[in-house]
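Student: I am new to this structure and would like a close look at a single part of it. Please set that part against the rest of the chain.

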Amino acid sequence: MIARLFLATILIFVSNQVFAEEVTYRKHIKPIFDAKCIACHGQDSAPEYYAFKEEPDKWMSKGKGMRMDTYSHLIFYTAWPDTGSIMRRLDDGKVAGKEGNMYVYLGSNNEERQKNLKLFKDWVGNWTTKRWKDITKEDMDKIKVKY
Ligand code: HEC
């Protein structure tokens, strides 16, 4: 009996690993983004990254960040050119050393934040906080960001 239970547990564990669903932008990340981030990073009023950087105070005073509301915009903050930005800002502190200032927006409680952080991590594929000057080609190759 115990042996059977043990075997069943192992089987469930193994099949979960093998058939684990791939995390994609369309299925997993966009819904989180639309619920948690779009108010400040949406197309309606948020500027492109470089326009934001020209007048950060103006945009911050309106409570706006830079536009990230499409797949193409969002991946700008993963591998290149704003390398590691999503990873540094969304990290809970375990990888980055300190909690990123956007982590708090991932959920209304710790459980939700951790769940959504895990989805972001799985989506990115390589949760490196390195900047462009430090990142290697091997690091870059492991960044997946599936559409
Ligand atoms: C209440 C408004 C607000 C919300 C909600 C918000 N952000 Fe931000 N975000 C900002 C502002 C303003 C900045 C620019 C100031 C700064 O760098 O901290 C910013 C900066 C960032 C940056 C850094 C970009 C850079 O300069 O490299 C990233 C990445 C980011 N946000 C991701 C997110 C994600 C992902 C979410 C949702 C989980 C989110 N933010 C939710 C306001 C917000």
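Student: Does Leu7 count as buried or exposed, and why?

Tutor: Leu7 counts as exposed because it has 10 C-beta neighbours inside 10 Å. The rule is this: with C-beta atoms placed from the backbone, a residue is buried if 20 or more other C-beta atoms lie within 10 Å of its own, exposed if 12 or fewer, and partly exposed in between. The model is predicted, so local features need pLDDT of at least 70 and side-chain atom pairs count only at pLDDT 80 or more, while totals for chains, interfaces and linings use all residues. Residues are numbered from 1 along each chain as its sequence is written.

Leu7 lies in helix H1, residues 2-18. Helices here are DSSP runs of H or I with at least four residues, strands are runs of E with at least two, and both are numbered from the N terminus. Arg4 also has its place in helix H1, and with 8 C-beta neighbours inside 10 Å, Arg4 counts as exposed too. Two distances place these residues in the chain. The C-alpha atoms of Leu7 and Gly42 are separated by 49 Å, though the two residues are 35 apart along the chain. Arg4 and Glu99 are 95 residues apart along the chain, with 43 Å between their C-alpha atoms. For scale, the C-alpha atoms of the protein chain fill a box of roughly 65 × 35 × 30 Å along the principal axes.

The chain has nine helices and zero strands. Of its 147 residues, 20% are buried. In soluble globular proteins, nonpolar side chains tend to be buried together. A nonpolar core, as used here, is a set of buried Ala, Val, Leu, Ile, Met, Phe, Trp, Tyr and Cys residues joined through C-beta atoms within 7 Å. The largest one has 19 residues, and Ile29, Ile86, Met87, Leu90, Phe120 and Val124 have the most contacts inside it. Helix H2 (25-36), H7 and helix H8 (110-124) each give two or more residues to this core, and the largest share, four residues, comes from H8.

An α-helix has 3.6 residues a turn, so residues three or four places apart point the same way.

Leaving aside residues up to four places away in sequence, Phe120 touches Ile29, Ile86 and Leu90, where contact means C-beta atoms, placed from the backbone, within 7 Å. After H8 comes Gly125, whose phi is positive, near 90°.

Technical notes
Contact = placed C-beta atoms within 7 Å.
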